[in-house]
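Please look through the sequence and the model below before reading the report that follows.

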Amino acid sequence: MGEAPALFADDSLASFSNGLHLKMHEFETATVVGNKTYVIGTTDDATSNGVRIFDKSTGEWVFPTVLGTQPKAFNGHSTMPLNNDKILIIKHNSNSNDCVWFLEVDTQFVQDQKVKFDTEVVAWSKGVIGDTERPIVISGPSGVGKGTLINMLMKDYPTMFGFSVSHTTRKPREKEENGVHYHFTERNVMEEEIKAGKFLEFAAVHGNLYGTSIEAVEVVADAGKRCILDIDVQGARSVRASSLEAIFVFICPPSFEELEKRLRARGTETEEQIGKRLKNAKAELDQGTSSGLFDHILVNDDLEACYARLKEILNLDGKTDAIPKTSTDEVFALPTDFSLSKFHEKILINSPNAHQKIVLDLSCIKGGAPGRTRGLSMYITDSNTDDGNF
Ligand code: ADP
Ligand code: 5GP
């Protein structure tokens, strides 16, 4: 298990029980997980991207591929290894709703990425106090009415839902806006970004590249909204394998003829593109309705009836829009310096000057990289018991 975390003064030499001596810079921490020591907080070295790893088994430094958005400023933080697969990072001098981060070092997601990249990989995930509802993945053949249904939801519940704006290499349609409907991009740029690990999922659809960036999902979660993803069946399969824990909805047309009619009536594609989309629709309908991938399959015959069913699935029956409640916890300031200790699923934030303890409760932790780690609770307690009832 890991060494006790510590914050070191500028260029001090830190020694570890595994015999390692490290030269540390100001605001860096070193946390041991297994054979590896993760030095977090490097800001002056572009190659390290905030994290470098000393591998005791090889005696070498490794600069990993760093996925996800890392915390902006490392002006002091404390760390603690958790379950041998991630490191908890709590920033000093911040607020309770903006201080918790996780560096995943060996979670399932990171293990998968290590295979994919054939390099050492670590992934950042920001901790979110409280719980936001599960994201929704909507798939279905082109022209079935996904966009129409999503627009209805976004119009009726603007503060509750946020749309995950995908990247695509296809050209914008007449009324489409860059950054609103899609991030329109070039294939070579998108391929580079995929290689750099910026995408939660991507797929070639109807001859173009489409993908959901990790940032697209994070932006929605940070606004305290429930994320809606409009992606194809291949993308849905990738998301199902990720830690996003979404609800998967597949939309079917009442008939193939009706699908064709809608696609033509929309008037946004050339005859050649319509042909390609209809051909692909057959396979998509087969996969969508038979793979067991989707939690709900809806037939979009009568639009209002389909929308009502979608709202039912999302527990919106009879509800009107409201400011989303992401947390029942009060926001408060953290001390400038503290140490961490662990008691079962609770992390105690111990400041030498404070009488009260701050408790971070991880017992309802959900999600993780890519995206956000949700379900955290943080509160202040006067209690000083030894039985963990903080
Ligand atoms: P998608 O996003 O799945 O490609 P759209 O939402 O753009 O599909 O819908 C395709 C066309 O079908 C649009 O012109 C839309 O107005 C129309 N449409 C959507 N749902 C229905 C429905 N239930 N009945 C008739 N037309 C519909
Ligand atoms: P369109 O070109 O009509 O906007 O979208 C074509 C198809 O691409 C639709 O099936 C849509 O769901 C899918 N799509 C849109 N964005 C993404 C994405 O980010 N990832 C994946 N895998 N598919 C997407």
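## A buried glutamate in a loop

Glutamate 28 lies in the loop between strand 2 (21–23) and strand 3 (29–33), where helices (H or I, at least four residues) and strands (E, at least two) are DSSP runs, numbered from the N terminus. The structure is a predicted model, in which local features need pLDDT of at least 70 and side-chain atom pairs count only at pLDDT 80 or more, while totals for chains, interfaces and linings use all residues. Residues are numbered from 1 along each chain as its sequence is written, chains are lettered from A and ligands numbered from 1 in the order in which they are written, and side-chain values use heavy atoms, with hydrogens and water left out.

Is glutamate 28 buried or exposed? With a relative accessible area of 1%, glutamate 28 is buried; the word buried means under 20% relative accessible area, exposed means over 50%, and partly exposed is in between (1.4 Å probe, protein chains only). The side chain of glutamate 28 is joined to that of arginine 52 by a polar contact of 3.0 Å. A polar contact is a pair of N or O atoms within 3.5 Å; within protein, one must be able to donate a hydrogen and the other to accept it, and residues adjacent in sequence count only if both atoms are side-chain atoms. Glutamate 28 and serine 78 are 50 residues apart in sequence, and their C-alpha atoms are 9.3 Å apart in space.

## Salt bridges

Side chains of opposite charge can pair when their charged atoms come close. A salt bridge is a side-chain nitrogen of Lys or Arg within 4 Å of a carboxyl oxygen of Asp or Glu, and by this rule the count comes to 21 salt bridges. In one of them, the side chains of glutamate 218 and arginine 372 meet at 3.0 Å, N to O. This pair links distant parts of the chain, with glutamate 218 in helix 4 (residues 214–222) and arginine 372 in strand 25 (residues 372–381), 154 residues apart. Glutamate 218 is buried, with a relative accessible area of 2%, and arginine 372 is buried as well, with a relative accessible area of 8%.

The side chains of glutamate 258 and arginine 262 also form a salt bridge (2.8 Å, N to O). Because these two residues are four residues apart in helix 6 (residues 256–266), glutamate 258 and arginine 262 are separated by about one helical turn. In a further salt bridge, the side chains of glutamate 269 and arginine 277 meet at 3.7 Å, N to O, and both glutamate 269 and arginine 277 are buried. Salt bridges that share partners join Arg170, Arg173, Glu176, Arg266, Glu269 and Arg277 into one network.

## A buried charge without a salt bridge

Glutamate 201 lies in strand 16 (residues 199–205). Which side chain of opposite charge is nearest to glutamate 201? It is that of lysine 116, 9.8 Å away, and glutamate 201 is buried yet has no salt bridge; here Lys and Arg count as positive and Asp and Glu as negative, whereas His and the chain ends are not counted. The side chain of glutamate 201 is, however, joined to that of threonine 212 by a polar contact of 2.5 Å.

Histidine 206 lies in the loop between strand 16 and strand 17 (208–213). At 13% relative accessibility, histidine 206 counts as buried, and its side chain makes a polar contact of 2.9 Å with the side chain of asparagine 280.

## Backbone details in loops

Most residues other than glycine have a negative phi, and most peptide bonds are trans. Asparagine 83, although not a glycine, has a positive phi of about 50 degrees; its place is in the loop between strand 8 (77–82) and strand 9 (86–91), and at 59% relative accessibility asparagine 83 counts as exposed. Asparagine 93 is not a glycine either and has a positive phi of about 60 degrees. The loop that holds asparagine 93 runs between strand 9 and strand 10 (100–104), and at 57% relative accessibility asparagine 93 counts as exposed.

The peptide bond from alanine 369 to proline 370 is cis, with omega near -5 degrees, and proline 370 lies in the loop between strand 24 (366–367) and strand 25.
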